[in-house]
Amino acid sequence: MAVMNSHIEWTEATWNPTTGCTKVSEGCRHCYAETMAKRLKAMGQPRYQNGFKLTLHEDLVDLPLKWKKPRKVFVNSMSDLFHKDVPTDFIVRVFATMNAASQHTFQVLTKRPERVAEIAHLLNWTDNIWMGTSVEDMRVAGRVEHLRRVPAVVRFLSCEPLLGSLADLNLEGIHWVIVGGESGPGARPMDAKWARELRDKCLERGIAYFFKQWGGVQKHRTGRLLDDRTWDEIPSTLSTYA
Ligand code: SF4
């Protein structure tokens, strides 16, 4: 499914050449993609006839080439491109599309950066590809080590849902940090201290910091101000990160 005008605060469009996934850590507990996939299956959406089972959509591999207007494109909001059931050859073709669609900036986010590092040498890391991993608490801090080995022009962390303090996280080699609390039914609370610790680490090191939301059961009530202001930094000068 391709969604233009994404509701995700830090991107502009989404592209899902694969859908479906399996859970790997606490950050997956209330997976939004799983809820959505089940809903779309119930609604009879043909892309989601397999529900949340990993599914390849061959016909969508070159979709961004058809979008002429430059956009920030979030890759696989409904899946994880580096899931073990996605063949390496398929990932190589997704990267070839991103290489050719140089008008766009692609933001690829995974909870499986160990596979990215393993096959990074097979992929063409043009400077319109930003690579990120999710870090919800220190139990998955090792993901950052794998990400650091990837030669992307921008390496970013999505600390959402932030479930614990990341004060001891090593941010070396990271260019952008996105922080957000969990939202929706059963949302686990984010301590303001955890969001501030990361902000202060980013400010100290000149890393772009994006505060997405507090989250909560009714996220529109909690807003996205941290210490009376918004934090919407996004890496902009790509050559800075070469
Ligand atoms: S890795 Fe992402 S898409 Fe996959 S189950 Fe976890 S949260 Fe959902």
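Is Gly 20 buried or exposed? Gly 20 is buried, at a relative accessible area of 0%. Buried here means under 20% relative accessible area, exposed means over 50%, and partly exposed lies in between (1.4 Å probe, protein chains only). The model is predicted: local features need pLDDT of at least 70, side-chain atom pairs count only at pLDDT 80 or more, and totals for chains, interfaces and linings use all residues. Residues are numbered from 1 along each chain as its sequence is written, and side-chain values use heavy atoms, with hydrogens and water left out.

**Overall fold**
- The protein contains six helices and 10 strands. These are DSSP runs numbered from the N terminus: H or I of at least four residues for helices, E of at least two for strands.
- The C-alpha trace spans about 45 × 45 × 35 Å along its principal axes.
- Of the 242 residues, 55% count as buried.

**Around Gly 20**
- Gly 20 sits in the loop between strand 3 (18-19) and helix 1 (32-42).
- Neighbours within four places in sequence aside, Gly 20 contacts Phe 52, Lys 53, Leu 54, Met 78, Ser 79 and Asp 80.
- Pro 70 is 50 residues away from Gly 20 along the chain, and their C-alpha atoms are 27 Å apart.

**Ligand shell**
- Around the ligand are Cys 21, Thr 22, Lys 23, Cys 28, Cys 31, Ser 79, Lys 111 and Arg 112. Each has a heavy atom within 4 Å of the ligand.
- The shell divides into three nonpolar, two polar and three charged residues. Ala, Val, Leu, Ile, Met, Phe, Trp, Tyr, Cys and Pro count as nonpolar, Asp, Glu, Lys and Arg as charged, and the others, Gly among them, as polar.
- Cys 28, one of the shell residues, is buried at 10% relative accessible area.

**Cysteines**
- The whole structure has zero disulfides, a disulfide being a pair of cysteine sulfur atoms within 2.5 Å.
- Cys 202 is in no disulfide, and the nearest cysteine sulfur, that of Cys 159, is 8.0 Å away.
- Cys 202 is buried, with 0% relative accessibility.

**Helix 2**
- Helix 2 covers residues 88-100, 13 residues in total. At 1.5 Å a residue it should span 18 Å, and its end C-alpha atoms are 19 Å apart, which agrees. The expected span is 1.5 Å times one less than the number of residues.
- Phe 90, Ile 91, Val 94, Phe 95, Thr 97, Met 98 and Asn 99 are buried in helix 2.

**Backbone exceptions**
- Most residues other than glycine have a negative phi, and most peptide bonds are trans.
- The Glu 160 to Pro 161 peptide bond is cis, with omega near 0°. Pro 161 lies in the loop between strand 8 (154-159) and strand 9 (176-180).
- Asn 76 has a positive phi, near 65°. Asn 76 is in the loop between strand 5 (72-75) and helix 2, and is buried at 2% relative accessible area.
- Asp 228 also has a positive phi, near 70°. Asp 228 belongs to the segment after helix 6 (219-222), and is exposed at 76% relative accessible area.

How values were computed
Contact = heavy atoms within 4.5 Å.
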